[in-house]
Amino acid sequence: MINILLCGNQKVFDGALSELISITNKTKEVITCYIFTMDVSRIKPEYTCIEDEQVEFLDQVVKNKNPENKIIKVDVTNIYEKEFANCANETAYCTPYTLLRLLADLVPGMPDKLLYLDIDMMANDDISPLYHTDIEEYEYAAVKEKYGSKMIRPDYINAGMLLLNMKNIKETKLLEKARELIKRKKLLFADQDAIFWNTTKKKLLPRKYNEQASFNKKDTVICHFCKRLLWLPYPHTENYKQWNIEEIHKYLKCYTFDKDLEEYKKLKDLQCPNCHKTGHEENATYCKYCGHKLKNDEIYRQENTATDPDRTTS
């Protein structure tokens, strides 16, 4: 069995859906995916837990690939508030949800080995060999960070993919020490810095397990759609995620995941964007539970124009 950890609020649904489709399309081994979530709407109104209906939908999707697959929602609000409430890194470079991976040793019943993945990743191959990498003597395995390994330290890691040995981590108190650093010092890359600077022993893996720059390499196992720094025609950043399908085609020239993303688009159409409930027919236009339109206006217009050539829109 492969145990995966994702983290986020209700807004990570697109990433979780597309990522899990790509994983389960290529990995036949049974997968249990834990989703750490929390309600910190005291910071921003949108910082609420991923909804039960969204989790049920994801669970249905992965079970369609293998009936033994499952998604488990874990509300860590109380643990987070106890550990990180009002700390300097709540307004980190991403969101407070980036800190949730640092709570893995405090959640009861978590497995001894976990594959943590950022939400903006896609699998291009079977992840079983990655998960079964021998890390018995290490706290975790990771890939070097594309910029940090040149600008910070040669062995600086990208924490978007972490193969965690929870048994060793509890013994060395890696995450406990990382949390203490998060509480007392503002860090540029928050969780990533906190993990790196408190590491006792890590295993560095090949770039193919967290490819951060090239989006069409055939040997890539995990592709990371993280922010890129570009110098021309002037210094700027790009931050296109896998669910930004038009943009990854146009700007990243990435067509590697088209089959997965086509499935993602079809499944998104079957989920109500209002109540998040599923079970609709493939050609349904309105939600049978709340009456909300299932597809966005542009898709609805295109489909109706296609079936009725004389139909026009203002």
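A nonpolar core is taken here as a set of buried Ala, Val, Leu, Ile, Met, Phe, Trp, Tyr and Cys residues joined through side-chain atoms within 4.5 Å, where buried means under 20% relative accessible area and exposed over 50% (1.4 Å probe, protein chains only). The model is predicted, so that local features need pLDDT of at least 70 and side-chain atom pairs count only at pLDDT 80 or more, whereas totals for chains, interfaces and linings use all residues. Residues are numbered from 1 along each chain as its sequence is written, and side-chain values use heavy atoms, with hydrogens and water left out.

The largest nonpolar core comprises 49 residues, and those with the most contacts inside it include L17, L58 and F225. Helix α1 (residues 13-26) contributes the most to this core, with six residues; helices (H or I, at least four residues) and strands (E, at least two) are DSSP runs, numbered from the N terminus. Contact means heavy atoms within 4.5 Å, and L58, not counting residues up to four places away in sequence, touches F13, A16, L17, L20, I35, I50 and I71.

In helix α3 (residues 77-84), the buried residues are T77, Y80, E83 and F84. Seen down the axis of α3, these residues fall within an arc of 140 degrees, so they line one face of the helix, the arc being that of the directions from the helix axis to the C-beta atoms. They pack against β2 (31-37), β3 (70-75) and α7 (174-184), while the face turned away from the buried side of α3 carries the exposed residues N78 and K82.
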